[in-house]
Amino acid sequence: LPGPGACRPLPLIGGGDPLEFLRDEAAGPVTVTATIEPGVAGMPDVLAVTATAEPGWHFYSLTQKSGGPLPTRIEIAADSSRQVTAAFVPDPQPVRHTVEDIPAWKGLVVEEHAGTVTWRAPLGAPSGAGAVHGGVTMQLCRDNACSPPETFAFETTAAAAGGAEAAAEAEAVGDWVRRAFVTRAAQAGPASAPVSQRWRAQPGC
């Protein structure tokens with residue numbers, strides 16, 4: 001099967017014909033933003049990358065298995081002043097379902113995101129230093145059609161401290177991150193794949 005960067009048609013739901021790619025670049029069905037959430041109480045800063053899809057559109061998880069739709073990838077540029085130190089954790093988790101009506105994907109567990117999802121990962125030291133930039137590569141789908149993979153660039157600088165209210169919010173985020181990373185580590189086990197640290201613009205199809 002083609003790799004994650006390849007462009008390939010997907011089968012029609014209920015049939016064997018390939019899907020028609022959607023090429024309306026002006027539609028802009030998804031937006032991607034990023035911010036750095038400051039760490040508190042000894043916790044590292046956290047890179048938060050958010051994708052929001054318009055109603056009717058969805059995309060796939062970072063952990064989507066091969067053999068069907070393409071997984072989303074978040075990659076940090078090699079020349080960023082900081083890099084993430086662990087895998088990204090999604091909030092909310094993707095919706096999982098088993099495909100039964102597409103012969104080529106029958107039995108495949110598909111992991112989808114719709115609406116808004118934020119992925120978080122801890123950043124390496126030094127705290128509060130420099131911008132982070134990279135890209136999110138995803139395959140967008142709606143109804144019975146999917147677009148070729150597209151990369152959405154992001155860039156952010158560290159969030160400034162904002163007093164007690166900001167500190168309380170950061171503490172809540174830190175608690176969420178601690179619990180999420182512990183859960184993710186328990187689920188992944190020792191064979192968990194490392195996070196990619198490189199970002200490349202994707203070639204056109």
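The questions and answers below cover the sheets, cores, disulfide and aromatic pair of a predicted model.

Local features need pLDDT of at least 70, side-chain atom pairs count only at pLDDT 80 or more, and totals for chains, interfaces and linings use all residues. Residues are numbered from 1 along each chain as its sequence is written, and side-chain values use heavy atoms, with hydrogens and water left out.

User: How many bridges join β1 to β2?

Analyst: The two strands run antiparallel. T33 has T50 as its bridge partner in β2, and T31 has T52. The count of bridges joining β1 to β2 is 8.

User: Which residue in β8 stands opposite T52?

Analyst: β2 pairs with β8 too, in the antiparallel sense over 7 bridges. Across that pairing, T52 faces T116.

User: How many of the residues of β2 are buried?

Analyst: Buried means under 20% relative accessible area, exposed over 50%, and partly exposed in between (1.4 Å probe, protein chains only). β2 is mostly covered. Of its 8 residues, the buried count is 7.

User: What is the strand order in the sheet of 3 strands, and which residue in β12 is the bridge partner of V136?

Analyst: The open sheet is antiparallel, in the order β4-β9-β12. β4 (73–76) and β12 (150–156) have a single partner strand each, so they stand at the edges. β9 (residues 132–138) and β12 pair over 7 bridges. Within β12, the partner of V136 is F152.

User: Which residues touch the most other members of the largest nonpolar core?

Analyst: A nonpolar core is a set of buried Ala, Val, Leu, Ile, Met, Phe, Trp, Tyr and Cys residues joined through side-chain atoms within 4.5 Å. The largest has 24 residues. Elements giving two or more residues to it include β1 (30–37), β2 (46–53) and β8 (116–122). The residues with the most contacts to other members are L47, V49, F88, W119, M138 and F154.

User: Which cysteine does the disulfide join to C141?

Analyst: A disulfide is a pair of cysteine sulfur atoms within 2.5 Å, and the structure holds 1. Its S to S distance is 1.9 Å. The link is right-handed, with 110° about the S-S bond. Both cysteines are buried, and the partner of C141 is C146.

User: What is the angle between the planes of F59 and W119?

Analyst: Rings of Phe, Tyr and Trp (its six-membered ring) pair if their centres lie within 6.5 Å; planes under 30 degrees apart count as stacked, over 60 as edge-to-face and the rest as tilted. F59 in β3 and W119 in β8 are 60 residues apart. F59 is buried at 0% relative accessible area, as is W119 at 0%. Their centres lie 6.1 Å apart, and the tilted planes make 55°.

Notes
Pairing = 2+ DSSP bridges. Helix = DSSP H or I, 4+ residues; strand = E, 2+ residues; numbered from the N terminus.
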